[in-house]
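Here are some questions and answers for a first look at a protein model. Keep the sequence and the 3D view open while reading.

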Amino acid sequence: PVATRGSLLYFLVVDMAAISNMYMVALQQFLELFDVSIAQSDKAPLASKRIVNIIDYLTFHVTCYMQRGLFERHKKIWVLMLAMKIESVA
């Protein structure tokens with residue numbers, strides 16, 4: 001589940017480059033976000049709860065990272081695309 005959400009977010013980030021070349025993010029940059037999310041998410045004694053914590057933190061962390069660099073008019077596009085992709089996977 002964590003890898004699934006990670007790939008969903010990565011390809012969403014890559015898709016944003018179609019809107020503007022400024023939004024290009026290297027795989028290495030994304031992997032650093034992924035690693036930080038695993039390290040900084042809340043620990044839990046149950047694996048299922050830990051997975052939920054990582055997924056939530058990863059989604060939040062990547063969204064904050066992307067929102068910082070997006071034009072105002074593209075922030076809503078990011079949120080819409082994220083919601084649609086998460087809904088299509090669920």
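Q: Which residues have the most contacts inside the largest nonpolar core?
A: This is a predicted model. Its largest nonpolar core is made of 20 residues. Those with the most contacts inside this core are L9, V62, M66 and W78.

Q: Which element gives the most residues to this core?
A: Two or more residues of the core come from each of α1, α2, α3 and α4. The most, seven residues, come from α1.

Q: Which residues is L9 in contact with, leaving aside its neighbours within four places in sequence?
A: L9 is among the residues with the most contacts inside the core, and L9 is also one of the buried residues of α1. In soluble globular proteins, nonpolar side chains tend to be buried together. With neighbours within four places in sequence left aside, the contacts of L9 are F30, L58, T59, V62 and L82.

Q: Which helices do the buried residues of α1 pack against?
A: The buried residues of α1 include V2, L8, Y10, L12 and M16. R5 and G6 are also among them. The helices that they pack against are α2 (27–40), α3 (47–69) and α4 (72–89).

Q: What distance should helix α1 span at 1.5 Å a residue?
A: Helix α1 covers residues 2–16, which makes 15 residues. The expected span is 1.5 Å times one less than the number of residues.

Q: Which salt bridge links distant parts of the chain?
A: The structure has two salt bridges. In one of them, the side chains of K85 and D15 meet at 3.3 Å, N to O. K85 belongs to helix α4 and D15 to helix α1, 70 residues apart, so the pair that links distant parts of the chain is K85 and D15.

Q: Is E72 buried or exposed?
A: The side chains of E72 and K75 form a salt bridge at 3.0 Å, N to O. Both residues lie in helix α4, three residues apart, about one turn of the helix. A residue counts as exposed when its relative accessible area is over 50%. The relative accessible area of E72 is 59%, so E72 is exposed.

Q: Why does K75 count as partly exposed?
A: Buried means a relative accessible area under 20%, and exposed means over 50%. K75 falls in between and is therefore partly exposed, with a relative accessible area of 21%.

Key. Residues are numbered from 1 along each chain as its sequence is written. This is a predicted model: local features need pLDDT of at least 70, side-chain atom pairs count only at pLDDT 80 or more; totals for chains, interfaces and linings use all residues. Side-chain values use heavy atoms; hydrogens and water are left out. Helices (H or I, at least four residues) and strands (E, at least two) are DSSP runs, numbered from the N terminus. Buried means under 20% relative accessible area, exposed over 50%, partly exposed in between (1.4 Å probe, protein chains only). Contact means heavy atoms within 4.5 Å. A salt bridge is a side-chain nitrogen of Lys or Arg within 4 Å of a carboxyl oxygen of Asp or Glu. A nonpolar core is a set of buried Ala, Val, Leu, Ile, Met, Phe, Trp, Tyr and Cys residues joined through side-chain atoms within 4.5 Å.
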